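Let's walk through this structure together, one local feature at a time. Have the model open beside you as you read.

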Amino acid sequence: MVLEDAFRRPLLDLRISVTDRCNMRCRYCMPREHFDENHEFLPKEDILRFEEIVRIVQALLPHGLRKVRLTGGEPLLRRNLSELVRQLRACSEELDIAITTNGLLLSKHLDALVDAGLSRATISLDALGTDTYQLMGDTEATPAVVLKAIGEAQSIGLPLKINTVIKKDVNENQIIDLVRTFGPRGIPIRFIEYMDVGSTNNWNLDQVVSAYSMRKVLEQEFGSLQAKQPQHASDVARVYSTRDGWKIGFIESITNPFCGDCSRARLSANGSIYTCLFANKGHDVRGILRMDASDEDIARAIQSIWVERKDRYSEERSIQTKNLKVEMSYIGG
Ligand code: SAM
Ligand code: SF4
Ligand code: SF4
């Protein structure tokens with residue numbers, strides 16, 4: 001039986017935050033003044049063990065789950081992450097197992113992840129220019145490290161995508177170079193409209209560059225863009241192709257929301273299910289897991305959360321709820 005929410009949206013995709021920690025401090029996600037040495041990250045005992053994550057996935061597989069995405073925080077900070085991938089792969093050969101990472105530690109873990117059965121990776125890279133990269137990520141790391149990992153991942157045949165958040169007057173000038181770098185290599189790039197996630201990034205609409213205006217800039221450079229048909233109704237990116245067949249996606253959470261087909265649940269590192277990226281509260285499942293629950297009990301508990309789901313935040317975006325939302329680094333992007 002497929003789990004359906006109040007608007008008949010199935011639960012197909014689970015984003016699993018494996019840690020709330022990160023080795024970057026992107027201004028739009030974990031601004032350093034909030035995520036400093038005084039910030040209380042989750043204590044180790046609260047964080048789901050791999051076996052607990054696997055049990056949740058196992059319980060959901062008979063109910064239509066087809067994809068998991070390991071995220072965070074920075075998922076590659078979680079020790080021995082490839083072991084989780086191996087355990088998830090052992091649950092199902094068909095399960096799509098993806099990771100979203102900033103790529104800084106990818107070279108080191110790439111072979112182990114792929115051997116364990118990782119299906120694909122999305123690598124976040126906001127700029128090719130070192131100064132802009134360091135400004136966006138509030139980091140001393142360089143994009144060269146990420147580019148090296150991308151090259152290695154591509155050379156061993158791991159399917160890749162690039163995620164780039166565009167912030168007005170900060171990295172708008174990187175759009176063309178990024179497309180020119182990844183287009184010819186057959187790596188789709190997705191430009192993300194800067195979102196009002198959490199309550200620490202001081203988001204305001206003036207800092208958003210609409211996908212529409214990004215497309216205008218790209219069309220001046222590369223000629224007209226052709227819209228592609230989505231592969232699945234629940235795809236988050238609207239994908240276009242240049243005349244050379246380079247794929248460019250846009251995640252238009254602000255200007256063209258896509259809640260209608262949203263099939264994603266999020267599992268925070270400490271075991272709460274969030275039914276929306278912009279939710280202000282989660283539903284604890286760790287408690288049930290740690291009480292000897294059967295797969296059926298776990299599935300029933302998640303079903304009871306999912307049937308009540310009426311989230312369509314991006315469609316209803318409202319300034320009043322802004323201060324109540326949970327941080328993206330905590331529930332997973
Ligand atoms: N640390 C990993 C990374 O950066 O890829 C995974 C977690 S991160 C929260 C997941 C994705 O969310 C990244 O691609 C990041 O760029 C995006 N993201 C974070 N904050 C955002 C915001 N305010 N608006 C749009 N995208 C955001
Ligand atoms: Fe870390 Fe990813 Fe958030 Fe950047 S976007 S601070 S890399 S979790
Ligand atoms: Fe899904 Fe919530 Fe995003 Fe809408 S706002 S697409 S319901 S996560």
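Which residues are around ligand 2? They are Cys22, Met24, Cys26, Tyr28, Cys29, Met30, Gly73 and Asn102, where being around a molecule asks for a heavy atom within 4 Å of it. By class, this shell holds 6 nonpolar, 2 polar and no charged residues. In this scheme Ala, Val, Leu, Ile, Met, Phe, Trp, Tyr, Cys and Pro count as nonpolar, Asp, Glu, Lys and Arg as charged, and the others, Gly among them, as polar.

Before going on, a word on the ground rules: this is a predicted model, in which local features need pLDDT of at least 70 and side-chain atom pairs count only at pLDDT 80 or more, while totals for chains, interfaces and linings use all residues. Residues are numbered from 1 along each chain as its sequence is written, chains are lettered from A and ligands numbered from 1 in the order in which they are written, and side-chain values use heavy atoms, with hydrogens and water left out.

Next, a pair of helices. Packed helices are described by the angle and the distance between their axes. For H3 (residues 106–116) and H5 (residues 143–155), the axes come within 9 Å and cross at roughly 20°; these axes are lines fitted to C-alpha atoms over the stretch in contact, with angles from 0 to 180 degrees between N-to-C directions. H3 and H5 are therefore roughly parallel to each other, a term for angles under 35 degrees. On the H3 side, Leu106, Ser107 and Leu110 meet Lys148, Ala149, Glu152 and Ala153 of H5, with contact meaning heavy atoms within 4.5 Å. That contact has 4 nonpolar, 1 polar and 2 charged residues.

Finally, look at the backbone. Most residues other than glycine have a negative phi. Asp169, however, has a positive phi of about 60°; Asp169 is found in the loop between strand S5 (160–166) and helix H6 (175–182) and is exposed (over 50% relative accessible area, 1.4 Å probe, protein chains only), at 68%. Asp292 has a positive phi of about 65°. Asp292 lies in the loop between helix H8 (286–289) and helix H9 (295–306) and is exposed, with a relative accessible area of 76%.

Notes
Helix = DSSP H or I, 4+ residues; strand = E, 2+ residues; numbered from the N terminus. Parallel < 35°, antiparallel > 145°, perpendicular 65-115°, else oblique. Buried < 20%, exposed > 50% of the residue type's maximum accessible area, 1.4 Å probe, protein only.
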